[in-house]
Amino acid sequence: MPYDWDASRKRIIGTFFGTNEIDRVPYFPLACEEMICRITGKTYKEIIASPKNYANAAITTFEFLKADTISIPTAYAGPGEALAFAEANNKKESIKWFDYKVFMAKQGVVCKTEEDIDKLEIPDHRKISVWDTCISALDIINKKLGMGGLCLGIWSVVQELRGIQAYRDMRRNPDLLLKLCEKVYKSQMDILNFYKEKVGGIGMIFFTGYSFNKHMMSFEDAMKFEGQFIKRIQKETKASIILHNCGTTPYFDEVCKEIDLLAVNGSHPLDIEYWVNFKEKFPNVTIIGANIDVSRELLNGTPQDVENKVKENIMNLATGGRYVVGPICCLPWGVSLNNIMEIPKAIKKWGTYPLNFN
Ligand SMILES: [Zn+2]
């Protein structure tokens, strides 16, 4: 039987917008390049060799996982943007390629000096082969399945370009840092425009807001160096924002008071009571994840432990919708397929509406 992406789309949309006609709790896994290589048996270079290759590999992977969502993980404002900036600024050598995972930038090389920031050229993503492949793959997926979106971020790119120095700038030269954030924002808008030209309208944006964590910076700084740009992107595109933060002390409460978010995506705090409270405080914000962390039950537990975790989350959070099962963050190489495949099984068992926990 062909995979029923129509049902998945209805499940996701119905959950986000709080309609009553959802058949079961949706599943939103973060499958990165590593997982796509593992499931398809292809090297990363084979996958990224053409839009068709990448689209097919992504479809195979997300269908194998029994997901309700699909993504092209390289169309992401981490390494993908580092590569775009490196190419546009003649620093290609700062990018290292691997066989079974995504390329990586040497952090802090592209914007090593103040002059590097001053002269930093904004990439034209249409001319960056990796981005052209990714956006074209998204176009194929969108035409075939009617879904697939973009993943943006400001601070994740700042860290790639400026490295650890960004934290020094925050104290000593915040204006310089802000100048870099502005350039990253312009680059993100270029991705959005490229996507619009090639694929069409932008409904949802998955935003990796890595600044929104107490370990990284104050909430005030997070708003200054990332939050204000999210607001601007929202104003420009009218898109709904899903905020991802996989850190251990995220500012989800604080940020939901400042920015209108469709959903939050995180795995901390691990205390389920926090999430029950969050749902009461922000009933219109969908929770994707809650306390399903890929480095705990999934990595070290048994399938039964995984089932219990999924059940705990559904039991506490899925009544009335606006909850999506999503282990966080990317499913790593070391997690067994038995444990990974237990998630969709547990969702079917415990997450089919009307919910029944006996
Ligand atoms: Zn993450």
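Lys238 sits in the loop between α11 (219-237) and β5, where helices (H or I, at least four residues) and strands (E, at least two) are DSSP runs, numbered from the N terminus. Its phi is near 60 degrees, a positive value in a residue other than glycine. That is worth a look, because most residues other than glycine have a negative phi, and most peptide bonds are trans. Lys238 has 10 other C-beta atoms within 10 Å, so it counts as exposed. The cut-offs behind that word: a residue is buried if 20 or more other C-beta atoms lie within 10 Å of its own, exposed if 12 or fewer, and partly exposed in between, with C-beta atoms placed from the backbone.

A word on what you're looking at: this is a predicted model, where local features need pLDDT of at least 70 and side-chain atom pairs count only at pLDDT 80 or more, while totals for chains, interfaces and linings use all residues. Residues are numbered from 1 along each chain as its sequence is written.

Lys66 also has a positive phi, near 65 degrees. You'll find Lys66 in the loop between α4 (51-64) and α5 (79-88), and with 17 other C-beta atoms within 10 Å it is partly exposed.

The buried stretch includes Pro79, Glu81, Leu83, Phe85 and Glu87. What covers these residues? Among the elements doing so are β1 (95-96), β2 (104-105), α7 (129-145), α8 (155-162) and α10 (174-198), going by contacts (C-beta atoms, placed from the backbone, within 7 Å). After α5 comes Asn90, with a positive phi near 55 degrees.

Now for the sheet. Six strands make up an open sheet in the order β3-β4-β5-β6-β7-β8, with parallel pairing. The edges belong to β3 (150-152) and β8 (323-324), each with a single partner strand, so one side of each is left without a neighbour in the sheet. Strands pair here if DSSP finds at least two bridges between them; β4 (residues 204-208) and β5 (residues 240-244), which run parallel, are joined by five. Within that pairing, Phe207 stands opposite Leu243 in β5.

There are cis peptide bonds to find as well. The one from His268 to Pro269 has omega near -5 degrees, and Pro269 lies in the loop between β6 (263-266) and α13 (272-281). The bond from Tyr353 to Pro354 is also cis, with omega near -5 degrees; Pro354 belongs to the segment after α16 (337-350).

Take Val158: leaving out residues up to four places away in sequence, it touches Ala166, Leu180, Cys181 and Val184.

Last stop, Lys309 in helix α15 (residues 303-317). Is this lysine buried or exposed? Lys309 counts as buried, because it has 24 C-beta neighbours inside 10 Å. Its contacts, again not counting residues up to four places away in sequence, are Ile292 and Glu297. Thr43 is 266 residues from Lys309 along the chain, and their C-alpha atoms are separated by 33 Å.

Terms used:
Contact = placed C-beta atoms within 7 Å.
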